[in-house]
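The sequence and structure are shown first.

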Amino acid sequence: MKTTVKLQDVMSCGCRNSIHKGLGELNGVFGVRVEPQYDRIVIDHTDEVSRAELLSRLEKLGYEPLEEENLQNRTK
């Protein structure tokens, strides 16, 4: 699965590293790509990880996803 989450202000390397590490610790996450030019994160994961779990982890890391209508959850 691939989940795309829109975020603001993930330009610094520190932010990107914290996102990579924090999401990468979840069982089932096998790839995290931070795309600051598009204000988004693309997460590759198995179906054992829900979008809600990913969003919860981002919030615990101190990041707030943009409004719900800007979130996409796609299966590849």
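The points that follow go from the basis of the model to its fold, its core and selected residues.

1. Basis of the note. This is a predicted model, in which local features need pLDDT of at least 70 and side-chain atom pairs count only at pLDDT 80 or more, while totals for chains, interfaces and linings use all residues. Residues are numbered from 1 along each chain as its sequence is written, and side-chain values use heavy atoms, with hydrogens and water left out.

2. Confidence. The pLDDT (the predictor's confidence in each residue, from 0 to 100) averages 84 for the protein chain, and 82% of the residues score at least 70. Over residues 69–76 the pLDDT is below 50, although this stretch has 21 contacts in the model beyond near neighbours in sequence; a contact means heavy atoms within 4.5 Å. Where pLDDT is low, the predicted coordinates should not be read in detail.

3. Overall fold. The protein chain has two helices and four strands, in the order β-α-β-β-α-β along the sequence. These elements are DSSP runs, numbered from the N terminus: helices are H or I with at least four residues, and strands are E with at least two. Among contacts in the protein chain with a separation of 6 or more, 59% are between residues 24 or more positions apart.

4. Surface and burial. The accessible surface of the protein chain is about 4,700 Å², and carbon and sulfur atoms account for 44% of this surface. Areas come from the Shrake-Rupley method with a 1.4 Å probe; for residues, only the protein chains shown count as cover. Of the 76 residues in the protein chain, 39% are buried. Buried means under 20% relative accessible area, exposed over 50%, and partly exposed in between (1.4 Å probe, protein chains only).

5. Nonpolar core. Which residues have the most contacts inside the largest nonpolar core? They are Ile19, Leu23, Ile41 and Leu58, in a core of 16 residues. Two or more residues are given to this core by each of helix H1 (13–24), E2, E3 and helix H2 (51–60). A nonpolar core is a set of buried Ala, Val, Leu, Ile, Met, Phe, Trp, Tyr and Cys residues joined through side-chain atoms within 4.5 Å. Leaving aside residues up to four places away in sequence, Leu23 touches Val29, Val32, Ile41, Ile43, Leu54, Arg57, Leu58 and Leu61. In soluble globular proteins, nonpolar side chains tend to be buried together.

6. Helix H2. The buried residues of H2 are Leu54, Leu55 and Leu58. They lie on the same side of H2 because they cover an arc of only 95° around the axis, the arc being that of the directions from the helix axis to the C-beta atoms. Exposed residues Ala52, Glu59 and Lys60 are carried on the face of H2 turned away from its buried side. After H2 comes Gly62, with a positive phi near 100°.

7. Strand E1. Lys2 is placed in strand E1 (residues 2–6) and counts as buried, at 15% relative accessibility. The side chains of Lys2 and Asp44 are joined by a polar contact of 2.8 Å. Such a contact is a pair of N or O atoms within 3.5 Å; within protein, one must be able to donate a hydrogen and the other to accept it, and residues adjacent in sequence count only if both atoms are side-chain atoms. Thr3 also lies in strand E1 and is buried, with a relative accessible area of 0%. The side chain of Thr3 has a polar contact of 2.7 Å with that of His45. Thr3 and Ile41 are 38 residues apart along the chain, with 8.1 Å between their C-alpha atoms.

8. Arg33. This residue of strand E2 is partly exposed, with a relative accessible area of 38%. The side chains of Arg33 and Glu35 make a polar contact (2.7 Å). Not counting residues up to four places away in sequence, Arg33 touches His20, Arg40, Ile41 and Val42.

9. Although Asp39 is not a glycine, its phi is positive, at about 55°. Asp39 is in the loop between strand E2 (29–35) and strand E3 (40–45) and is partly exposed, with a relative accessible area of 33%. Leu66, in the loop between H2 and strand E4 (72–74), is also partly exposed, at 24% relative accessibility. Leu66 and Asp39 are 27 residues apart in sequence, and their C-alpha atoms are 9.5 Å apart in space.
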